Amino acid sequence: MADSMKKFGAQTATFLSRAKQYTEEQLGTSEKTVFDARFESLVEKADRTKFWTERLLRQTEGLLQPNQGLRAEEFVYQKLDKPKPPRLTESEALGQSMIEAGNDFGPGTNYGSALVKCGATEKKLGEASRDLKTKSMSHYLHQLKNFLDGDMKTITKERRTLLAKRLDLDSCKAKVRKAQSPEKIQQAEADLRVSQSEFDRQYEVTKLLLDGISTASCQSSQSTYEFC
C-alpha cells in the first residue's frame, strides 16, 4: 500500500511538473529545447503522410462500398475475423434477374434473347467489380490500414513519450538555473544529466521510426500501382 501511494505521488509530481513547464512555454516565460531542422522535417513528413493516408483510406472505402451500413457490416466481420457471407453485387443481381426473365419469356424470342445476353454482360461487369474490390481490399486498403495501425500508431506513441521527456528535460534545466545553494545545484545538475540521457535515448528511437516512413512509402507505392 505504501509503495503504491509512493508511486502514485511520484507520477502526480511528474504530471504537474510537465504541465507547469508546458504552460510556462506557452506563456513565453520558460525556455524550450528546439529540435534540429532535419528532425522537424521528418515530423512534418510523418504528419502529412498520416493525413493523406487517412483521407485516401476513407475515400477508397467509400468508392468500393458507398453503402455505409454495408461498410459497417464488413468492418464488424473483419474485427470478428470471420468470413463475410457472399453477397451479389448490384450488377450481378440485375444480370441474374435479366437472365431469368429472358428464359421465362423464351430465349428464342427477340426480347428474351436480348435479356439473356444483357444479363450475361451485367453479370460479367459485377464479377469484375467484385474482383477489383477483393484485390483492393487485400492489397491497397490492407497496406494503408497496416501502416496506420502499425507504424503510425507506434510513431505517435513514441512522439508523445518524446514530448514528455523534452518537458522533463526543460524543467530540469529551469531548476538548475533557479537553484541557489550548492546542495540544490548539485541535485539539480544530477537530475538534469539523467533527464538528458533519457531524452537523448528517446530522441534517437523516435528519429529512427520517423526515418522508417520512407520504407513504408515505398510499400504503399507498390500497392498503389497494383490498385491502379
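Author: Start with a pair of helices. This is a predicted model. In it, the axes of helix H2 (residues 37–64) and helix H5 (residues 110–178) come within 10 Å. They cross at roughly 145°.

Reader: Why give an angle and a distance for two packed helices?

Author: Because two packed helices are described by the angle between their axes and the distance between the axes.

Reader: What is the handedness of the crossing where H2 passes H5?

Author: The crossing is left-handed. That word applies because the near helix is turned anticlockwise from the far one by less than a right angle.

Reader: What classes of residues make up the contact of H2 with H5?

Author: There are 13 nonpolar, five polar and seven charged residues. Glu counts as charged, and Gly counts as polar.

Reader: Where is glutamate 40?

Author: Glutamate 40 lies in helix H2.

Reader: Why is glutamate 40 called partly exposed?

Author: Its relative accessible area is 39%. Buried means under 20%, and exposed means over 50%. The value 39% falls in between, so glutamate 40 is partly exposed.

Reader: How far from lysine 207 is glutamate 40, in sequence and in space?

Author: The two are 167 residues apart in sequence. From C-alpha to C-alpha, glutamate 40 and lysine 207 are 9.8 Å apart.

Reader: How many helices and strands does the chain have?

Author: The chain has seven helices and zero strands. From the N terminus on, its elements run α-α-α-α-α-α-α.

Reader: What share of the chain's residues is buried?

Author: Of the 228 residues, 27% are buried. Each of those has under 20% relative accessible area. The chain exposes about 15,500 Å², and carbon and sulfur atoms supply 57% of it.

Reader: Which elements have the lowest and the highest mean pLDDT?

Author: Helix H7 (residues 213–227) has the lowest, at 62. Helix H6 (residues 182–211) has the highest, at 96. The chain averages 86, and 84% of the residues score at least 70.

Key: Residues numbered from 1 in each chain as written. Predicted model: local features only at pLDDT ≥ 70, side-chain atom pairs only at ≥ 80, totals over all residues. Heavy atoms only, no water. pLDDT = per-residue confidence, 0-100. Helix = DSSP H or I, 4+ residues; strand = E, 2+ residues; numbered from the N terminus. Axes fitted to C-alpha atoms, helices over the stretch in contact; angles between N-to-C directions. Buried < 20%, exposed > 50% of the residue type's maximum accessible area, 1.4 Å probe, protein only. Areas by Shrake-Rupley, 256 points an atom, 1.4 Å probe, with all protein chains shown as cover.
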